[in-house]
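I opened this model to trace its fold and its charged pairs. My notes follow in the order I looked things up.

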Amino acid sequence: MKMLLAIINYDDSHSVIEAMMKSGFSVTKLATTGGFLKAGNVTILVGLDETRLDDAFEIIRKHCSKRKQIMPTTTELGMGYYPAMPVPVEVGGATVFVLDVARFEKL
């Protein structure tokens, strides 16, 4: 038994969760916030048999695309002046962890 923990962009979360559930996975969704961009993420927890890991990864890859987004930043130009400077950053994709589960019970 494995526990798949995937951190995905909020914009991708609905389609990932829907596809996972259609494929027979039980999904627990946690609202989380990323550290760098302080943007909304969703962390999903999926308990699954090791033989279904490839299926789960395929769904996540299909629905979590990386894309560029313009984020405003501030830069001091002297005299306390901080204009907003747009910077392109890459968002989306997924960070996935697979953990061994020593014991699992549905109560």
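**Asp55 and its partner**

I started at Asp55, which is partly exposed, with a relative accessible area of 37%. The model is predicted. I then asked which residue Asp55 forms a salt bridge with. It is Arg52, and the closest N and O atoms are 3.6 Å apart. That falls inside the 4 Å cut-off for a salt bridge. Arg52 has 27% relative accessibility, so I logged Arg52 as partly exposed too.

**Other salt bridges**

How many salt bridges does the structure hold? I found four. One of them joins the side chains of Lys2 and Asp100, at 2.2 Å from N to O. This pair links distant parts of the chain. Lys2 is in strand β1, Asp100 is in strand β6 (residues 94-100), and 98 residues separate them. I checked both ends for burial. Lys2 is buried, with a relative accessible area of 13%. Asp100 is exposed, at 62% relative accessibility.

Glu105 is partly exposed, with a relative accessible area of 44%. Arg103 counts as exposed, at 66% relative accessibility.

**Fold**

Next I stepped back to the whole chain. I counted two helices and six strands. Read along the sequence, the pattern is β-α-β-β-α-β-β-β. Of the 107 residues in the protein chain, 27% are buried. I also took the contacts between residues at least 6 apart in sequence. Of these, 65% join residues at least 24 apart.

**The sheet**

In what order do the four strands of the open sheet lie? I read β2-β3-β1-β6, with antiparallel pairing. The edge strands are β2 (28-33) and β6, and each pairs on one side only. Neighbouring strands are turned by 20 degrees against each other on average, direction ignored.

I went through the pairs one by one.

- β2 and β3 are antiparallel and share six bridges. Here I noted Thr32 opposite Asn41 in β3.
- β1 and β3 run antiparallel and are joined by eight bridges. Ile7 has Thr43 as its bridge partner in β3.
- β1 and β6 pair in the antiparallel sense over seven bridges. On this side, the bridge partner of Ile7 is Thr95 in β6.

**Helices against strands**

I checked where each helix lies. α1 lies across β1, β2 and β3, and it runs at about 20 degrees to β3. α2 lies across β1, β3 and β6, at about 5 degrees to β1.

**The nonpolar core**

In soluble globular proteins, nonpolar side chains tend to be buried together. I looked for that here. The largest nonpolar core has 17 residues. Which members touch the most others? They are Leu4, Val16, Met20, Phe25, Ile44, Val46 and Leu48. The elements giving two or more residues to this core are β1 (2-9), α1 (10-22), β3 (40-48) and α2 (53-63).

I did not count residues up to four places away in sequence. Ile44 touches Leu4, Leu5, Ala6, Val16, Ile17, Met20, Val27, Thr28 and Lys29.

**Asn9**

Is Asn9 buried or exposed? Asn9 is in strand β1. Its relative accessibility is 12%, so Asn9 counts as buried. The cut-off for buried is under 20%. What does its side chain reach at 2.8 Å? I found the backbone nitrogen of Asp11. Asn9 also touches Gly40, Asn41, Arg67, Val91, Gly92 and Gly93, again not counting residues up to four places away in sequence. Asn41 had already come up in my notes, standing opposite Thr32.

Methods: Residues numbered from 1 in each chain as written. Predicted model: local features only at pLDDT ≥ 70, side-chain atom pairs only at ≥ 80, totals over all residues. Heavy atoms only, no water. Core = buried A, V, L, I, M, F, W, Y, C linked by side-chain atoms within 4.5 Å. Buried < 20%, exposed > 50% of the residue type's maximum accessible area, 1.4 Å probe, protein only. Contact = heavy atoms within 4.5 Å. Polar contact = N/O pair within 3.5 Å; in protein donor to acceptor, adjacent residues only side chain to side chain. Pairing = 2+ DSSP bridges. Axes fitted to C-alpha atoms, helices over the stretch in contact; angles between N-to-C directions.
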